[in-house]
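Please consult the sequence and the structure shown below while reading.

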Amino acid sequence: MDLDRMTVRMRPRLAWEAIDLGFAMARQWFLPLWLLWFCSALPIFGLALLLFHDRPWLVILLVWWLKPLYEPPLLFWLSRALFAESPARLTVLRQWPRITWPQLLANLSWRRLSPNRSFYLPIGMLERLSGKRRRGRISLLGRGQQAGIWLTLAGVVFEITLELCFLFLLFIILPEELRWIDLEKLFFTPGPLEEWLQHLADLLAMSLIAPFYVAGGFALYLNRRSELEGWDIEICLRRLLARWQGRTAPSTA
């Protein structure tokens, strides 16, 4: 890991400051991350729609449950962008099986509902740890860390809020004479059309939150590693050494 190439400044941060750093990274690189999420999620959505077109609730449930298939490519891209690389979407998608396959069964079963999922994802994917080594690493990095749980809860709240906002916006922007949506029916007694509108709004909300969720968990992981391994001190020492070497280098004039 070449710390000198990092595009963010590593310094001691509180967990909430680290999440804010992750959100800043997500804002900076939102478009490639958002497009990557859709490139991964839309094929699954299309397949689920083909198989369960008469059960929209099952389609969106599958798309939601299979989030561990869409999040690793975002983390892979972020881990490269952190060191001044910006891999093309096609390059990342070609790596998709290699990125997502390890520990996929665990990620889709007993780990799926872990509230610290965003914080644990880099340990399995970037450090390629599993079994006892992964548990030991999580025990070390996760000691006293609860911010990842709050990040997950905040993500759920914002997804629901965005979904409701999209539906209200759709209702408001339609002219009254063309308003074929009944607000009460939309929220309390939805028919098939209203269910599809709800689930499409949910899909859009998930796509908007995903870059921030993955980047926030990644920043928590980086902050914890920096804290334990003294990255900021190492970077300072390297810069001091380079400065000293530059001053003491023999003149060529």
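## Terms and basis

A residue is called buried when its relative accessible area is under 20%, exposed when that area is over 50%, and partly exposed in between. The structure discussed here is a predicted model.

## The nonpolar cores

The largest nonpolar core is made up of 54 residues. Within this core, the residues with the most contacts are Met25, Trp37, Tyr70, Leu78 and Phe218. At least two residues of the core are supplied by each of the helices α1 (15-28), α2 (30-51), α3 (56-65), α4 (67-81), α8 (117-125), α9 (131-141), α10 (147-173) and α12 (192-229). Helix α12 gives the largest share, with 11 residues.

When residues up to four places away in sequence are not counted, Tyr70 touches Trp37, Ser40, Ala41, Ile44, Leu62 and Val63. Another core, of 7 residues, lies apart from the largest one, and its members include Phe171, Ile181, Leu186 and Ala201.

## Aromatic pairs

The structure holds 10 aromatic pairs. One of these joins Trp29 and Trp77 in an edge-to-face arrangement, with 5.8 Å from centre to centre and 70° between the planes. The pair links distant parts of the chain, for Trp29 is in the loop between α1 and α2, while Trp77 is in helix α4, 48 residues apart. Is Trp29 buried or exposed? Trp29 has a relative accessible area of 16%, so this residue is buried. Trp77 likewise counts as buried, because its relative accessibility is 4%.

A further pair consists of Phe30 and Phe212, which are tilted, with 6.0 Å from centre to centre and 35° between the planes. Because Phe30 lies in helix α2 and Phe212 in helix α12, the pair ties together parts that are 182 residues apart in sequence. Phe30 has a relative accessible area of 23% and is therefore partly exposed. Phe212 is also partly exposed, because its relative accessibility is 23%.

## A charge over two rings

Arg112 lies over the faces of two tryptophan rings. The distance of Arg112 from the ring centre is 4.4 Å for Trp64 and 5.4 Å for Trp65.

## Salt bridges

The structure contains 5 salt bridges. Asp54 and Arg55 meet through their side chains in one of them, at 3.9 Å from N to O. Asp54 is exposed, because its relative accessible area is 54%. Arg55, with a relative accessible area of 36%, is partly exposed.

Which residue meets Lys67 in a salt bridge? The partner is Glu159, at 2.7 Å from N to O. This pair links distant parts of the chain, with Lys67 in helix α4 and Glu159 in helix α10, 92 residues apart. Both Lys67 and Glu159 are buried.

The side chains of Arg117 and Glu71 form a further salt bridge, at 2.4 Å from N to O. Since Arg117 lies in helix α8 and Glu71 in helix α4, the pair ties together parts that are 46 residues apart in sequence. Arg117 has a relative accessible area of 15% and so is buried. Glu71 is buried as well, because its relative accessible area is 6%. Elsewhere, Glu127, Arg137 and Arg225 are linked in a network of salt bridges.

## A residue of helix α2

Leu47 is placed in helix α2. Because its relative accessibility is 48%, Leu47 counts as partly exposed. The C-alpha atoms of Leu47 and Val63 are 10.0 Å apart, and these residues are separated by 16 residues along the chain. Val63 is also one of the residues that Tyr70 touches.

Methods. Residues numbered from 1 in each chain as written. Predicted model: local features only at pLDDT ≥ 70, side-chain atom pairs only at ≥ 80, totals over all residues. Heavy atoms only, no water. Core = buried A, V, L, I, M, F, W, Y, C linked by side-chain atoms within 4.5 Å. Buried < 20%, exposed > 50% of the residue type's maximum accessible area, 1.4 Å probe, protein only. Helix = DSSP H or I, 4+ residues; strand = E, 2+ residues; numbered from the N terminus. Contact = heavy atoms within 4.5 Å. Phe/Tyr/Trp six-rings, centres within 6.5 Å; stacked < 30°, edge-to-face > 60°. Lys NZ or Arg CZ within 6 Å of the ring centre and 35° of its normal. Salt bridge = Lys/Arg side-chain N within 4 Å of Asp/Glu carboxyl O.
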